[in-house]
Each structure stands twice: as structure tokens, then as C-alpha cells.
Amino acid sequence: MNTEKNMEKRIPRWLVLFLAAACGLIVANLYYAQPLVGPISSSTGISSDTAGFIVTMTQLGYAAGLLLLVPLSDLLENRKLVVTILLVALLGLLGAGTAANSAIFFTAAVLIGLGSAAAQILVPLAAHMAPPEQRGSIVGNVMSGLLLGIMLARPAASLITDLLNWRAVFIISAVIITLLIVLLRFFLPKRIPVANEKYSLILKSLFVLFQTKPVLRRRAFYQAALFGSFSLFWTVVPLWLSRNFGLSQREIAVFGFVGVAGAIAAPIAGRLADKGLSRKLTGAAFLIAALAFAFTHVLENGNHMVSLVIFCISAVLLDMSVSGNLVLGQQAVYALGDEIRGRVNGIFMAVFFLGGALGSALGGWAYAKGSWKLASVIGLVLPVIAFVYYLTENKTRRKYN
């Protein structure tokens, strides 16, 4: 019988790598459209006034999936749930790749976001399977795959569009998700949760959990601030690289690949968290993120090549802080209890994802008003605010060390 107790005895390394790859491939669907707003708008007749909804509709679908579908992992058998939700993403990808007008594309974008929430069932599933003493490192390894998906999605979409066209991005992803559904159906272990509540009660409990779990509130806010600065950076930097450094779309894609190096912080943070260093690493993450934005102004009026290298270093530092702190946050909220892990993960991800959406919006506004200088100030302020809040943390209630 596949019980949670049996699952926690051991988790094969190949399965950890498989879950990491699956999470990365799934969550990448959320970001493919970001660098393709122009060609998608031209092909589907989306006006410049509503072009921003190309990304927004996917984000809304994802937020709905986090709050409405992810909590089902505390109620239904997880493998079947993941496969079913991914079928929704597959339908959305096929719709986006063949969309003839804006209505079809926007509908498809919502379905892509909704179905991509499956990744946030796989991450806590890995935590369920992991022995408690290895939970941080295993979650870190899985999250490194998810973060690689986030970071690689944009440059990959730009390169595929440059070689083929924007529709090929969604069609290729549809083929990948189809293969992933088959593999998950055969290789993902079953997990049948001990369900003592109805779905309606589980949904009602989301607000109660957020209200009564200070660790959840704090960790969600911490990551929302960092992900807001991360989203601001990657929304504005491509525009600045093109304007200030004259980089082409393909060169900007290469810059995006450079930032991927920051994902190495996820498994490292997981291992260090298992050794009780969560608090110190959390504070360091905020300071590194703020430093990344400040660093971009060093020698900004000097040699362009030197300035570009500095931007590359800043991208890596920022990505390291975000990926590392994400693992620390998930380890903290997962420790709140096996029976509520799906729900707290959904709340945690929804809050920090909203922080990312806010960061993108602020970045676009700031860049229009004051170019990179104003945008970078806002990007620096966000982790500083989180650091100030972090300093108020009550040591007697710190449960994630």
C-alpha cells in the first residue's frame, strides 16, 4: 500500500532529478510569452492597449490554479491529480499555438496558467517523499529545476522564435508536456493523502491558515519582495540592454542564459538549511539582492563592455538570492504539517507570485518614467523593506530553524 509513511523511507536520486526536470518544463510555460508580446500581438490582432494581457491572463490563470487546484493535493491522489491538471495546460498550449484571434489566445493563456499549477503539487510531493533530515536538500534540488525553467523560458522562447516563429514555441512545449504526462503516469509514485475535510472546507481554511500561521505570512512576504525585484529586473533589463548597449534579440537571449547560473543557490541553500542556517541565509539573501541592483551603477558611465559584465554579475547575484530564499521559505512552510502542506504551498506561491506581478508592473511604469535609474531604485528598495521586516522577527516563534 502506498502510504505517506512508506514514501518517506527513501527517494531515489533519479526520481529527484525527474521531479526537478518536470517542474522546470511545466513552469516554463508561464514565461514563454513575455519576450514574444510583439509578434503575438501582430499575428492575433491584439491592440497595443491590451497587449499586456498576453502575460497577465497567464498569471491570473496560474494564481487561480494555486488557490483552487493545488489545495486538492491534500484531498485527492496526487499522481492522477497532476496528470489531469497537465491536460488543461496541454489544451492551452495547443490553443495558443494555433490561435487566430485575441479571444482564443487569451482563453488559451488562462488555461496554460491554470494547468501549470501542477508544478506546485510536485514540489510538496517531493517533500512528502523525503526523509525529514534530507527534506531541505531534496526540495532544493527540485526547486533548482523549477527555477531553471523560469530562467531559461524567456531566452529559449526568443531563440526558437528567431529560428522558426512564435507559434512553434507553444507547439514544441505541447509535445514536451504530452511526453511528460506519459512519463508521470508511469513513474510518479502514488500518494493518497489522509483526507479528513471536504474541498469547500479546505478552501475556507486557506484564509485561516494565512491568519494563524506567522511563519507562512512572513515567508510569503519575504519571497514576494524578492520575486518582485526579480520580475522587475527581468522585465526592464531587456529594454535597457537594447537601448543602452545596442544588444540584439539573440544577444539579449544569451544574457538571459547567463543569469541561469544563479539557480545553483537552490540546492546549496537546501543543504545549509538542513544544518540550521535558515535565519542567517535569509538575511543574506535580502542584502545580496539589494547589492545586485546597486552594483549596476558601478562604472555606469565608463566602458560599455565593463558595464555589461557588471550587469551579468548582478543578474547572477539576484537570481542566487531569489532561488536560495525560495528553498528556505518552502522548507519553513512545509514544516507546518503534512496534512496542510498542499494548502500552505498554494498560499505561499500565490502570495509571492502576486509580488512578482507587482514587480513587473512597477518595473514597466518606472522604466517609462525614469529609465533604468528609477527602476533599479525600486528594485533595491523591495529587498530592503523585506530585510527591515526580517529584523523584527521574534526568535521565540522561529520554527524553521
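Which helix holds threonine 44? Threonine 44 belongs to helix H3, residues 37–44; helices here are DSSP runs of H or I with at least four residues, numbered from the N terminus. This is a predicted model, in which local features need pLDDT of at least 70, side-chain atom pairs count only at pLDDT 80 or more, and totals for chains, interfaces and linings use all residues. Residues are numbered from 1 along each chain as its sequence is written, and side-chain values use heavy atoms, with hydrogens and water left out.

**Threonine 44**
- Threonine 44 has a relative accessible area of 5% and is therefore buried (under 20% relative accessible area, with a 1.4 Å probe and protein chains only).
- The backbone oxygen of isoleucine 40 is reached by the side chain of threonine 44 at 2.7 Å.
- Apart from neighbours within four places in sequence, threonine 44 is in contact (heavy atoms within 4.5 Å) with Ala99, Ala100, Asn101, Ser102, Phe105 and Trp166.

**Helix H7**
- Helix H7 spans residues 119–129 and is mostly covered, with eleven of its eleven residues buried.
- Among these buried residues are Gln120, Pro124 and His128.

**Helices H10 and H11**
- Two packed helices are described by the angle and the distance between their axes.
- The axes of H10 (residues 199–212) and H11 (residues 214–245) come within 5 Å and cross at roughly 90 degrees.
- H10 and H11 are therefore roughly perpendicular to each other (65 to 115 degrees).
- Leu209, Phe210, Gln211 and Thr212 of H10 make the contact with Pro214, Leu216 and Arg217 of H11.

Methods:
Axes fitted to C-alpha atoms, helices over the stretch in contact; angles between N-to-C directions. Helix = DSSP H or I, 4+ residues; strand = E, 2+ residues; numbered from the N terminus. Parallel < 35°, antiparallel > 145°, perpendicular 65-115°, else oblique. Buried < 20%, exposed > 50% of the residue type's maximum accessible area, 1.4 Å probe, protein only. Polar contact = N/O pair within 3.5 Å; in protein donor to acceptor, adjacent residues only side chain to side chain.
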